[in-house]
Amino acid sequence: MEKIDKRANILEAAEKLFSELGYEGASTRQIAKEAGANMAMINYYFGSKEGVFMEIMTLRIQSFKDELNRINNDNLTGMEKLLKVVEGYAKRILCNRAFHKMMHRELSLPQRPEMFDTIKNAMAENMLVIERIIVNGIEDGSFRPVDVRMLIATIMGTISNVAISPSKITSGTVLDIEKKADRKIITERLINHLQDLFITYLTPKK
């Protein structure tokens, strides 16, 4: 149990430091200190700082994949599945904006192509589940024909944009995404907008 707790402590500390300092800014020494561990433990469990980062990303991606599969396997209509996907993804991203911003920044950098190709490929597998839901809806006539990948890019891009640059929708208001109550309002606003977009855009015209 102690080993499991120590490993979890390292991951939690690393995610906090990666979010605050970026991948390059966070050192294994800082992670060890924050976790109440030592560098030998990091090497033992993860091999390196890159191994810690990859483990965090793998856990996040797998968690979203599990959620997608649960939704996809539920006895729901295609539209109901998509609305649940939008809700779940928006909540995941906005509840941890700092890490999403760091991840977005790091994935745009060329220094570690092999590591980030692995992450991008795993993320792409999750997007294929969403794509299949939409394609199935088009094939059975419940959705009108659309450019599926452009629609997915629109949805994911909107969520990411709100997380990274919330002032684009909060400017001129008293809302502050750093405040929990305001973040809840912004998240609900985002979910409602995207769900309306799905319904309006995909419902066959009569």
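# Notebook: salt bridges, domains and helices

**Entry 1. Salt bridges overall.** I searched the whole structure, which is a predicted model, and the search returned 11 salt bridges. I recalled the general principle that side chains of opposite charge can pair when their charged atoms come close.

**Entry 2. One pair examined.** I looked up Lys65 and found that this residue forms a salt bridge with Glu125. The closest N and O atoms of the two are 3.6 Å apart, and the pair counts because the cut-off for a salt bridge is 4 Å. I then asked which helices hold Lys65 and Glu125.

**Entry 3. Secondary structure and extent.** I counted the elements of the protein and noted 10 helices and 0 strands. Following the sequence, I wrote down the pattern as α-α-α-α-α-α-α-α-α-α. For the overall dimensions, I recorded that the C-alpha trace spans about 65 × 40 × 35 Å along its principal axes.

**Entry 4. Domains.** I consulted the domain assignment, which gives domain 1 as residues 1-47 and domain 2 as residues 53-202. I noted a distance of 27 Å between the C-alpha centres of domain 1 and domain 2.

**Entry 5. Where the domains meet.** How many residues of domain 1 are in contact with domain 2? I found 10 residues of domain 1 in contact with 13 residues of domain 2. The size of an interface is often given as the accessible area lost when the parts come together.

**Entry 6. Pairs across the interface.** Between domain 1 and domain 2, I found 3 residue pairs in polar contact and 2 salt bridges. I also looked up Arg60, which forms a salt bridge with Glu15; their closest N and O atoms are 2.5 Å apart. On the side of domain 1 that touches domain 2, I saw that helix α1 (residues 2-25) supplies the largest share, 9 residues. I sorted the residues of that side into 5 nonpolar, 2 polar and 3 charged.

**Entry 7. An annotated span.** I checked UniProt, where an unreviewed entry lists residues 27-46 as "DNA-binding region". In the model, I found residues 27-46 to be 80% helix and 0% strand. The end C-alpha atoms of this span lie 14 Å apart.

Key:
Residues are numbered from 1 along each chain as its sequence is written. This is a predicted model: local features need pLDDT of at least 70, side-chain atom pairs count only at pLDDT 80 or more; totals for chains, interfaces and linings use all residues. Side-chain values use heavy atoms; hydrogens and water are left out. Domain bounds come from an automatic or database domain assignment. Contact means heavy atoms within 4.5 Å. A salt bridge is a side-chain nitrogen of Lys or Arg within 4 Å of a carboxyl oxygen of Asp or Glu. A polar contact is a pair of N or O atoms within 3.5 Å; within protein, one must be able to donate a hydrogen and the other to accept it, and residues adjacent in sequence count only if both atoms are side-chain atoms. Helices (H or I, at least four residues) and strands (E, at least two) are DSSP runs, numbered from the N terminus. Ala, Val, Leu, Ile, Met, Phe, Trp, Tyr, Cys and Pro count as nonpolar, Asp, Glu, Lys and Arg as charged, and the others, Gly among them, as polar. UniProt positions are given in the numbering used here, feature names are shortened, and annotations may be inferred rather than shown by experiment.
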